[in-house]
Structures are given as C-alpha cells and as structure tokens.
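This report goes through one protein model by topic. Please keep the sequence and the coordinates open while reading.

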Amino acid sequence: MELEDQWWKGQLAADIYQALRYKELKLPSYKGQSPQLNLRRYFADLIAITSNRFRLCPAARHLAVYLLDLFMDRYDVTVQQLHMVSLSCLLLASKFEEREDRVPKLETLNSLGSMSSMNLVLTKQGLLHMELLLLETFSWNLYLPTAAHFIDYYLSIAVLDGDLHDGWPMASLEKTKSYMAKYADYFLEVSLQDHIFLCFVPSLVAAACVAASRLILHLSPSWAPRLQRLTGYAWENLMPCVEKLLIAHDSDVKEASKQKCQQQQQGQTVLHSSGQPATVTQYLQLPSMQYPQKAPQAGLAANHRSVSYVSHSTSSLQGPSGPQHCDTQAIATSLDPKPGISNRAYPVSMHYSYSAPCFDR
C-alpha cells in the first residue's frame, strides 16, 4: 500500500479505491474517551516530527497517529508510556507502509535530539514488547485506511482544464495543480491535529481537504460533478468537515499574521505574506472573493501549528512534563481497559449558506 507506487494512476485504481472504501466501513470505533486526550496533540506532533525526519510517506504518518488514537482510546496510558507507544506506532506504520530500507532504525531513533531532550532511551526488547502489545490490540490487522490513502486518488481529477479561477480560465493548469496539491497536503495535516476528525470516515476527510483547497484557491465550481461522482459525496455531505478545516486554517493564518506583526515590531526580517486573513464565513458565503492563487507561504508554515514539524528540528520538541523514562516491562501489565466515558462534542454550531450549486448524491 506504499503511496510511491502511485496506485491511483494504474489500471486497478478503481478496484483498489472500492476496496479501501469497503474496508473503512469496518474500522474500529473511536469514542474519544482517553484521560490523556489533552496530550494527544503533543504526541501527534512527536510522530509527525519523527516521520518528517525520516521522510516517511503521509500514509505511514497518518496510520501511526490513528494507531495511537485507537490505543489511547482503549487503555489508560501514563505519559511515560505514551512516548514508547507513539514511537512504536510509528515503527509499525512505517513497516506496513514503507520499504524496509526506509523504516527508522533503533540507533537512529535514539540519536534524535527529541530523545535526548526527554532523557528517553529506547531498547530493542522494549520496542518488541510494545509492538507485540499493539499488534495484539489490533488483532494483527494494520490494514486501516486513513485520509492519506484516498487523497491522491481524488487529486488526480481535482483540477482540470474546464475549471475557472475567479470566473476566468486558469492562467496555468500545472501551477494550479501544484497549489492544489500543497493546500490539500496542508489540510490533510490539519486533520491529524484534532481527534474530532475521527468522527468522519477517512474518504470524506480526504474529499473535504480537496473541497477546502478549491475554496481557498477560488476555483469554480467549488465541488464539480466529476468530484461528486468519483468520491460519492455531495457538497452537503462535506460541509461539516470542510467547515472545521477552514476554521483551523483561519486560526492558523491569524496566528501567523500576529507573529509576523510582532516580528516586524522587533525589527526582524520576515517573509512577506499578502492580504488579510479571511474568515470561514467569507470562504463559504462569498464566491466572488478575490483570494490569491498562491501555495502556503514559507512564513506561514513556520508558524501554523498543523504543519509545524516541517520547519522545526526534532530537538525543538519538549516533553509535556520534563524528562521521561519508559518502563516498557510495566506497560503490558499496567494497561487496563477504561470504563465508558461520554463522547466529547466539538464546540462548533455555526451554519453557513453557500451559493454555488450543490449536487445530490
């Protein structure tokens, strides 16, 4: 299932896609009941930073975070143990999604700056014990589709010649495709940062990433009939997920603009970013809004939280509670299933109208 094989371009693309759609219907349920849910963001970033250090494919990164989510949802795990669990999830995911020569080695993991800053040393026996516990938890089944497994299939027709930009023909199809791929990758990483996106099936999240990218780039129609036919999702199906993605984007842009202003006040040299951040309401209600057809700026990538791992070294990641030591022997004996905890609702109740045509399923 390695994405470098580019299965979405082959003759079996439709069959593989249908197999993924069928498999996602049988994904384990997620309840969001971990007592350490407030630490999820930190450990998701740890996985993202480490995967970026080893240049792992997006599918490996997303699968690792999904394994971590499922494991935390089932067991009460201490902070010390979560470091070992997170890295073990990444190792398992990379073994499943990557070539053998790309799988991180124990010695290289221990040499990372993030490991020394947390006073954490991994052992071969400890990793083997944790990987075995994870495999037994998931019944030895790692065939778990994520949004990263669908996104390239959707991107193959995300931008075509007939699309319009601000009501006019596109100046460059290839550049627009490049911008689309970068924004889709950005939104894909945004979906990793909050467990609320687990309430949507992976194929819908991937489709919402494409739809949000088309809105940002102001391509029309915002959700073309061909995309509805390929994904099986109408605009109204995607709306709740797209809304959450755009809210996160709006927050990231505002935060980046705030930090840029602070840097300018301090007399520091910063990269130029154009325009004022638009609100989610503007994205969804004002089809005629002029939005610059640009890929995410480097200055933004260094500031927004969702892809901060791209521009930060592994030594910049600090543990939530100082140096940690992982007692791997105690993990298998101390992890007990938790009693039921009520689901957490996402605090977004806004509703937006959209004037572009919506297509029924």
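Which residue in E3 is the bridge partner of His-165? The partner is Leu-219.

## Basis of the model

The model is predicted; local features need pLDDT of at least 70, side-chain atom pairs count only at pLDDT 80 or more, and totals for chains, interfaces and linings use all residues. Residues are numbered from 1 along each chain as its sequence is written, and side-chain values use heavy atoms, with hydrogens and water left out.

## Confidence

The protein chain has an average pLDDT (the predictor's confidence in each residue, from 0 to 100) of 76, and 70% of the residues score at least 70. Confidence is highest in helix H10 (residues 202-216), at a mean of 96, and lowest in helix H14 (residues 298-301), at 35. Helices (H or I, at least four residues) and strands (E, at least two) are DSSP runs, numbered from the N terminus.

The pLDDT is below 50 over residues 285-316, a stretch with 72 contacts beyond near neighbours in sequence. Contact means heavy atoms within 4.5 Å. Over residues 321-361 the pLDDT is also below 50, and that stretch has 91 contacts beyond near neighbours in sequence.

## The sheet

Three strands form an open sheet in the order E2-E1-E3, with antiparallel pairing. Strands E2 (168-169) and E3 (219-220) are at the edges with a single partner strand each, so one side of each has no neighbour in the sheet. Strand E1 (residues 164-165) runs antiparallel to E3, and two bridges join them. Two strands pair if DSSP finds at least two bridges between them.

## Helix H2 and Arg-40

The end C-alpha atoms of H2 are 20 Å apart, which agrees with the 20 Å that its 14 residues should span at 1.5 Å a residue. The expected span is 1.5 Å times one less than the number of residues. H2 is mostly covered, with 11 of its 14 residues buried; buried means under 20% relative accessible area, exposed over 50%, and partly exposed in between (1.4 Å probe, protein chains only). Among the buried residues are Tyr-42, Phe-43, Leu-46 and Ile-49. Arg-55 follows H2 and has a positive phi, near 55 degrees.

Arg-40 lies in H2 and counts as buried because its relative accessibility is 4%. Its side chain reaches the backbone oxygen of Leu-192 at 2.9 Å. Neighbours within four places in sequence aside, Arg-40 is in contact with Val-65, Asp-69, Leu-192, Gln-193, Asp-194 and His-195.

Gln-36 sits in the loop between helix H1 (13-24) and helix H2 (40-53). With a relative accessible area of 13%, Gln-36 is buried. Its side chain makes a polar contact with the side chain of Asp-76 at 3.0 Å. A polar contact is a pair of N or O atoms within 3.5 Å; within protein, one must be able to donate a hydrogen and the other to accept it, and residues adjacent in sequence count only if both atoms are side-chain atoms. Residues up to four places away in sequence not counted, Gln-36 touches Met-72, Asp-76, Val-77 and Leu-82.

## Helix H7

Helix H7 (residues 124-137) has 14 residues and reaches 20 Å from its first C-alpha to its last, close to the 20 Å expected. Its buried residues include Leu-127, Met-130, Glu-131 and Thr-137. Just after H7, Ser-139 has a positive phi of about 55 degrees.

## Cysteines

How many disulfides (pairs of cysteine sulfur atoms within 2.5 Å) does the structure hold? The structure holds zero. Cys-57 counts as buried at 7% relative accessibility, and Cys-89 counts as buried at 0%.

Terms used: Disulfide = S-S within 2.5 Å.
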